[in-house]
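Welcome! Let's take a walk through this structure together, one piece at a time.

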Amino acid sequence: MKIIETRGENLESTVYLLLAARARGEHVYAEFNRHVLCSDDVTMDSAYIAVIGCTKAEYDEQIRRERENWKKIEEEREIREQRYREKVKADRAAKGPSEITAELVVAGLKFIAEHLRSSHDELLEGLLSLGCNFTLQDIREQFPECESVRLFDGMKRADVSCGASIIVNVRDSEFGRSYGEDRFFSVDDEISAYHFVRKRGDKKYTKDKVDVMVATTN
C-alpha cells in the first residue's frame, strides 16, 4: 500500500483524495496530523473522529458557533470603541482640542503606566482629565514630519508625536491598548514608555519604581 501526497490539504480534502483512490480500485493511505487514514475503509466521519474527536457535522457546528461568538464579540467591541470615540469627541467639543506638548504626552504615558489595571473607561476618563483629547489627525497636523518617523525609532528618541500616537491608540482601541501595553509598558527597554519619560527629564522613572508605587497604593 502506497502513501499519497497530501501536503497543503485539509482533512476534508484528504478524505476525498482517499475516496477517489478507492473508487479507482487503488489501495493507498495518507498521514494527517500523525494519524494514518486508509482508502480501504475511510469515511468522512471516521477520519474526523480519529483526527479531531467528533463527526464532521459536529465539527462544522462547532466552527459555526465559534464564528458566531467571534462575530458577536467583535460587534460588542466595535460598539464600545465607538463609545470611546464619542467621549473624546464630547470632551473636545467642551474644552477644545489640546495642544500636543512634551509635558502632556509624558503625563499621559505616566498615567497609562500607573493605571494598567484600570478598566478601559477609567483609563479613558483619566487621560481626558489630563487633557489628552488629541487625535491621530491632530498629531499629523501639528507634526507633519511624523509620517516619516518610524514608531520604534521615535520612541528611542522620545519623539513627541510617537508618544502621542501611543496614547491615542491605547485610549481609543482595545487592540491598541493590548498591543501598546504589551510592547511599551510591560518591559523597560529603549523603546518603552519608561525610557521615553526618562529621556524627557524624569531620570528616575522606571518600571520597577512604578510597580512598587502601584503595589503600595492598591
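This is a predicted model: local features need pLDDT of at least 70, side-chain atom pairs count only at pLDDT 80 or more; totals for chains, interfaces and linings use all residues.

Residues are numbered from 1 along each chain as its sequence is written, and side-chain values use heavy atoms, with hydrogens and water left out.

Start with the open sheet, where 3 strands lie in the order 1-2-3 with mixed pairing. Helices (H or I, at least four residues) and strands (E, at least two) are DSSP runs, numbered from the N terminus, and two strands pair if DSSP finds at least two bridges between them. At the edges sit strand 1 (2–3) and strand 3 (35–38), each pairing on one side only. Strand 1 joins strand 2 (residues 28–32) in the parallel sense over 2 bridges, and here Lys 2 stands opposite Val 28.

Next comes helix 8 (residues 160–172), which has 13 residues. How enclosed is helix 8 by the rest of the structure? Largely, because 12 of its 13 residues are buried (under 20% relative accessible area, with exposed over 50% and partly exposed in between, using a 1.4 Å probe and protein chains only). Among them are Cys 162, Ile 166 and Arg 171.

Finally, turn to helix 11 (residues 207–217), where Lys 207, Val 210 and Val 214 are buried. Seen down the axis, these buried residues fall within an arc of 60°, so they line one face of the helix; the arc is that of the directions from the helix axis to the C-beta atoms. The face turned away from the buried side carries the exposed residues Asp 208, Val 212, Ala 215 and Thr 216.

Key
The expected span of a helix is 1.5 Å times one less than its number of residues.
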